[in-house]
Amino acid sequence: MSNQFMFADEASQQNTKLPTEYWKILIVDDEPEVHAVTKLALNDFNFLGRGLKFYSAFSGEEARKLIDEHPDAAILLLDVVMETDDAGLQVARYIREKADNHFTRIILRTGQPGQAPERTVIVNYDINDYKSKTELTAQKLFTAVMSSLRSYRDIMSIDQSRHGLEKIISASTNLYALQPMNSFVDGLVQQLSWVIGGAKQTLYATANEDGTSYKVLAAHGEDSQVSVGQTLRSVIPSKALAELENVIANHGSFYGEDFVLLYCRSHCRAHGSVLFIGGLSRTLTADDHHVLQLFAENVQLAQDNVVCLEDSDHFLARLADQLMLHHANHFNNVLDGSKEGRIAYRLAQAVNADEAEATALAWSLFAQARPLLDCASTPVAANETTCQQRVARSLRALTHGEHEATQKAHRALMERLERWDGLGLPEGKQGGDIALSTQVLLLTEQLVDWFEEDTSDADIKTRLDDEKGRYYSPDFLEQALKLLPELRNI
């Protein structure tokens, strides 16, 4: 990925995000007249195309409930003296410490400044403004609310940016895995929505094989959950739909009054992707156009990389299948050239004759991966887990294999740290959930090592007896122990 991505303010938190229709204002005061006057003074207030919606509480207890019900409130207009002299201060402490809400802007209003000196309150309580009711004219209230909303917007944007970047970083650490690509693009789409000024909807759609349809891969904003997986034509407004064909045909872009269509050209496939941004609240600048162009170029490169890796995986899987098919056609020659294969074949014959040949063939793939299994120098769980992740990523291509032997080899590599008693890694599989062919291949590997070390049959029997019901199936080990002298002489 290019490092030219430019990230700016945006907004979202687990339960809190910038509103699409109005800003929530909580009024907490024990005087009904204050509520009425406040609503009247701010009746025609508008910021970023959104008005205000008021919620009232007349005591500290009511305020706490209101705060819990509306964690996405932008501003809290809070009286100090209500049922007690410090009721408002306790509410301020509650919203920051108990409710863990550090986004809502708190404007403290008091009719008795002497009871709560401004310096003391500002220092000891996490509030954002302090006003005396006697000096708070309609104009000053307007100014205080406007400045607080701007602060709220910026803080929420920074928090959204942080969450978006965390998502991108998390996905980019696994950039070469197939699944995180959706997460990676989704994080970038979130960022982009706010980089250009708070778009209501951002969609990123990729083309099918013949370019006849574009399906939404990532979405942010209005209807984002229902948009993912739908065709782009079915979810964008008619005014954008009228320009879509021309943008795709010319690999170009279109900037409407409140929407953008941008084609993202692929470098590894005939058809690329389309970016749609709708509900823009302002006219885009030349810098915005530059950011959008960077996104179109760079995010498509990232997706192209994953597409190429996926293609490579399918190619390697086909090669593995062809190798297994070739070995199957010369099965006797394969066994003649591999002592381990003969041991695996004999063990599999004893416990599951129908799968014996496929299990013996799987040994050749399983053995090729043995260097990957040396990454953990000590049997520490954390090291083993890291080792298993390396194996999973390195052999991801085998997940696409169709030959029975390919599948058995891959499953054995994924299950090599699992235990019969369920205490293994990474999934904690137990008992019959672990393939019998996996146990055959793992025991083959262990027996070969013991035979090469010239370990006696008695010692091997003692060790395997200790592993019954822990690492291996007891019935499987009983069969293996009966074959021990024969296996040594193979």
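Helix axes are lines fitted to C-alpha atoms over the stretch in contact, and angles between N-to-C directions run from 0 to 180 degrees. The model is predicted, with local features requiring pLDDT of at least 70 and side-chain atom pairs pLDDT 80 or more, while totals for chains, interfaces and linings use all residues. Residues are numbered from 1 along each chain as its sequence is written, and side-chain values use heavy atoms, without hydrogens and water.

Helix 12 (residues 339-351) packs on helix 13 at about 150°, the axes lying 8 Å apart. The two helices are therefore roughly antiparallel (over 145 degrees). Contact (heavy atoms within 4.5 Å) involves Glu340, Gly341, Ala344, Tyr345, Ala348 and Gln349 of helix 12 and Ala356, Glu357, Thr359, Ala360 and Trp363 of helix 13.

Helix 13 (residues 356-368) also packs on helix 15 (residues 404-414), at an angle of about 60° and with an axis separation of 8 Å. On the helix 13 side, the residues meeting helix 15 are Ala358, Thr359, Leu361, Ala362, Leu365 and Phe366. Their partners in helix 15 are Glu404, Ala405, Thr406, Lys408, Ala409, Ala412 and Leu413.

Glutamine 201 is located in strand 6 (residues 201-207). The side chain of glutamine 201 reaches the backbone oxygen of glutamate 222 at 3.2 Å. Beyond neighbours within four places in sequence, the contacts of glutamine 201 include His220, Asp223, Val235 and Phe276.

Definitions and conventions:
Helices (H or I, at least four residues) and strands (E, at least two) are DSSP runs, numbered from the N terminus. A polar contact is a pair of N or O atoms within 3.5 Å; within protein, one must be able to donate a hydrogen and the other to accept it, and residues adjacent in sequence count only if both atoms are side-chain atoms. Angles under 35 degrees count as roughly parallel, over 145 as roughly antiparallel, 65 to 115 as roughly perpendicular and the rest as oblique.
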